[in-house]
Amino acid sequence: IKKAISITIKGVNELMKKSKAGIKEYQLEAYFDFECKTNGATDYAFKTIAAAGKNAATLHYVDNNSDINDGDLILFDLGAQYKYYNADISRTFPISGKFTARQKEVYNAVLKVNEEIINTIKPSITTAELNAKVNDLLGEACVSLGLLEDKKDFRKYYFHSIGHSLGLDTHDVIIDRNFTFEPGIVYTVEPGLYIPEESIGIRIEDDILVTEDGSINLTKDMIKTVEEIEDFMSRNRIN
C-alpha cells in the first residue's frame, strides 16, 4: 500500500505541474497515467475521477471529458495499484495555481475536518462515532460558510460517509460497515463539500493505518494545505 501511495503521489505532483486552463479533464488525467506506468504500477485502484468546476459537485463523476476553464477548481480522486494493493487519494486544487478567497474558505473548512478526523482515529473508536462526528463538523462548517441556517441540513452539501477500508480492494472487505477500529486496519478519511451553485466541489482524502495507540497517515507526504499547493504550483507549474 505504501508503494502504491508513493506512485500515486508522484502522479498527482506531475499533473499539478502540467495543469492549465483550456485542456480537457482527460488530458490532465493522462499525466497521472503516464507517471503510474513509468513507476511500475500494475493497474489502477479504480477509474480516475477528474472533475473540474461544477463537475466536482457530482460524487462519482467519471466522464472526464469537459473543458477545464480558468478559475476552476479540479478534484482528482485516484489511486495506483501495486502488486494488487491499492492507494486511494483525493486532492482538489485551483487550475490557475491560486485559490480565490471563496475557494480558499471552503477548502480550509474541509481540510480542518480532514485533520480532526484523522486525529480521532484509534483502536476502540467505531465508524458510527466517526461518522457522527464528521456529520456534526461539516454541518457546522456549512453554517459558518453561509450555506445553511441549520447544521442538521448538512446532507444538501455532503452526501457520503467519511471513508472505507482499503487494501486488496479499494473498498476492502469488512463484514459490517459499522465496526470498531483495530490495529492493522487501513481506512480512508475523505470529508467533502459539494456546492453546485458555486461550481465548487472539494474532497480531501488520506489513507490512515490504525496502530496500537493511534494511527499513522500513510499519505502524509502528499501536500494538501492551501499554502503548500499554491507554493508548489508557483514553483513547478509548466505553462
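The model is predicted: local features need pLDDT of at least 70, side-chain atom pairs count only at pLDDT 80 or more, and totals for chains, interfaces and linings use all residues. Residues are numbered from 1 along each chain as its sequence is written, and side-chain values use heavy atoms, with hydrogens and water left out. Helices (H or I, at least four residues) and strands (E, at least two) are DSSP runs, numbered from the N terminus. Buried means under 20% relative accessible area, exposed means over 50%, and partly exposed lies in between (1.4 Å probe, protein chains only).

**Nonpolar cores**

- A nonpolar core is a set of buried Ala, Val, Leu, Ile, Met, Phe, Trp, Tyr and Cys residues joined through side-chain atoms within 4.5 Å.
- The largest core has 69 residues. Met16, Leu28, Phe93, Phe181 and Leu193 touch the most other members.
- Helix H3 supplies the largest share of this core, with 8 residues.
- A second, separate core holds 7 residues, among them Ala51, Ala56, Tyr61 and Tyr194.
- In soluble globular proteins, nonpolar side chains tend to be buried together.
- Contact means heavy atoms within 4.5 Å. Setting aside neighbours within four places in sequence, Leu193 is in contact with Val106, Val110, Leu138, Cys142, Leu145, Tyr157, Tyr158, Ile200, Gly201 and Ile202.

- A polar contact is a pair of N or O atoms within 3.5 Å. Within protein, one atom must be able to donate a hydrogen and the other to accept it, and residues adjacent in sequence count only if both atoms are side-chain atoms.
- Arg91 sits in strand S6 (residues 89–94). Arg91 counts as buried because its relative accessibility is 2%.
- The Arg91 side chain makes a polar contact with the side chain of Asp206 at 2.8 Å. The Arg91 side chain also reaches the backbone oxygen of Ile223 at 3.0 Å.
- Not counting residues up to four places away in sequence, Arg91 touches Ile74, Leu75, Phe76, Arg203, Ile204, Glu205, Asp206, Thr219, Met222, Ile223 and Lys224.
- Asn114 lies in helix H3. Asn114 has a relative accessible area of 0%, so it is buried.
- The side chains of Asn114 and Asp206 make a polar contact at 3.2 Å.
- Beyond residues up to four places away in sequence, Asn114 touches Val189, Pro191, Ile204, Glu205, Asp206 and Lys224.

**Sheets and strand pairing**

- Strands of a sheet pair through backbone hydrogen bonds, either parallel or antiparallel. Two strands count as paired if DSSP finds at least two bridges between them.
- Strand S10 (residues 206–210) joins S11 through 3 antiparallel bridges. Ile208 stands opposite Asn217 in S11.
- Elsewhere, S2 (residues 49–52) pairs with S3 (residues 73–78) in the antiparallel sense over 4 bridges. Ile49 stands opposite Asp77 in S3.
- From S2, Ile49 and Ala51 point one way, and Ala50 and Ala52 point the other way. All of these are buried.

- Most residues other than glycine have a negative phi, and most peptide bonds are trans.
- Lys83 is not a glycine, yet has a positive phi of about 50°. Lys83 lies in the loop between S4 (80–82) and S5 (85–86). Lys83 is exposed, at 56% relative accessible area.
- Ser124 is likewise not a glycine and has a positive phi of about 90°. Ser124 falls in the loop between H3 (101–120) and H4 (127–144). Ser124 is exposed, at 52% relative accessible area.

**Cysteines and a spacing**

- The structure holds 0 disulfides (pairs of cysteine sulfur atoms within 2.5 Å).
- Cys36 is buried, at 0% relative accessible area. Cys142 is buried, also at 0%.
- Ala128 lies in helix H4 and is partly exposed, at 43% relative accessible area.
- Ala128 and Pro191 are 63 residues apart in sequence and 15 Å apart in space, C-alpha to C-alpha.
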